[in-house]
Amino acid sequence: MELLSSAPHALSIAADALRKGLLVAIPTETVYGLAADAFNTMALARVFEAKRRPHFDPLIIHISALSMLDRILDRDSLGAGGQDRLARLATAFWPGPLTLILPKLPRVPDLATSGLPSVAVRWPAHPVPQALIASCGPLAAPSANPFGYLSPTRASHVAEQLGERVDYIVDGGPCEFGVESTVLDITGETPCILRPGGLPRQAIEDCVGPVSLLDRSVAHPTAPGQLKSHYAPHAPLSLFERGQLDPSLARPGDVLVFFSRADAERAMAGCSLPMTGSIRVLSEQGDQKEAARSLFDLLHELDSASVRSILAEKLPSGGLGDAVNDRLSKARSQNRI
Ligand code: TXA
Ligand code: MG
């Protein structure tokens, strides 16, 4: 594995590698992705192998221009309503942290879509994938982590987790969002959020009207991002509703994670026994965007520091709080599969 900068000469090395069917980990505004040529089935097979990802988990295809949809999207199957929603969503939110599930053309490899009739498509806002896609064509890129583990938000996370299983890593610094894209299925009558993420539900509803949210307690998962357990650290994590995390529960070696300093202080004030664990906050001032950016970073750090267990309290719901609470609930140890 070779680490590359995001300077133009380094990106031309990355682009050559992608054209040859090699794997290149790339920064995006959400998390780092493990990129391969979306139309090269050998390269796609290597993505699944490197991630130890089951073949029933489809990949996101990344584009850098709407015209690239012509190679991917079956417009007729989308229908007039779907095409209207696609146009509105693409205008409002692309490039950005929104992945759309769309009907696919037969030429999109089944390996990319796990044999589904639909395909996940995203136009990332980050300049590195934009330059690489403009030069190599659409890139399939799942998050660059071993299947089921925390998503990487820094090049060093990818190097630690995938190491020699990737050919190159482009270092673009820490990710702006730190949480994956929102996955929205627009193949049906009512759009459905399959995975809350960097684009809040409210912003989508302001654009295309009411959307539903996949209910994991009743839905049969069609994709692992919908599984109850995913994005999990090695340390056991327990999740508490707001106001319910009592610091006196902590034992030596435990770390308590609160949304804001005010939340941590409120909890400490109600604590009857001396505290033995340590406290971390996702955002000092209680800013949701900062909390989302800190989440995977902090969990990676706690995992490498071998903490005994993590006790975390949920964020207020709404906005990016929904995406962070979704990741925290999938990271819970009682959900391990
Ligand atoms: O922010 C992101 O979305 C990052 C960056 C790299 O773009 N990518 C990412 O990819 O998170 P991945 O593979 O870790 O998550 C993609 C999610 C998975 O939950 C997958 O199952 C779902 O999208 N997905 C992909 N194709 C699908 C389809 N046709 N139908 C339903 N879900 C699909
Ligand atoms: Mg992932």
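Predicted model: local features only at pLDDT ≥ 70, side-chain atom pairs only at ≥ 80, totals over all residues.
Reader: At what angle do α3 and α7 pack?

Author: For this you compare the directions of the two axes. Helix α3 covers residues 75-93 and helix α7 covers residues 201-208; they pack at about 130 degrees, and their axes lie 10 Å apart. Angles over 145 would count as roughly antiparallel and 65 to 115 as roughly perpendicular, so α3 is oblique to α7. The crossing of α3 past α7 is right-handed.

Reader: Okay, and which residues have the most contacts inside the largest nonpolar core?

Author: General idea first: in soluble globular proteins, nonpolar side chains tend to be buried together. Here, the largest nonpolar core has 66 residues, and L89 and W94 have the most contacts inside it. Helix α1, residues 8-19, gives the most to this core: six residues. Setting aside neighbours within four places in sequence, L89 is in contact with W94, L98, L100, L184, I186, I204, C207 and V208. There's also a second, separate core of 27 residues, including Y149, V255, L298 and L315.

Reader: What about K20: buried or exposed?

Author: Check the relative accessible area. For K20 that's 65%, and over 50% counts as exposed, so K20 is exposed. You'll find K20 in the loop between α1 and β2.

Reader: How many Å apart are K20 and R280?

Author: Go from C-alpha to C-alpha: K20 and R280 are 44 Å apart in space, and 260 residues apart in sequence.

Technical notes:
Residues numbered from 1 in each chain as written. Chains lettered and ligands numbered in written order. Heavy atoms only, no water. Axes fitted to C-alpha atoms, helices over the stretch in contact; angles between N-to-C directions. Helix = DSSP H or I, 4+ residues; strand = E, 2+ residues; numbered from the N terminus. Parallel < 35°, antiparallel > 145°, perpendicular 65-115°, else oblique. Left-handed = near helix turned anticlockwise from the far one by under 90°. Core = buried A, V, L, I, M, F, W, Y, C linked by side-chain atoms within 4.5 Å. Buried < 20%, exposed > 50% of the residue type's maximum accessible area, 1.4 Å probe, protein only. Contact = heavy atoms within 4.5 Å.
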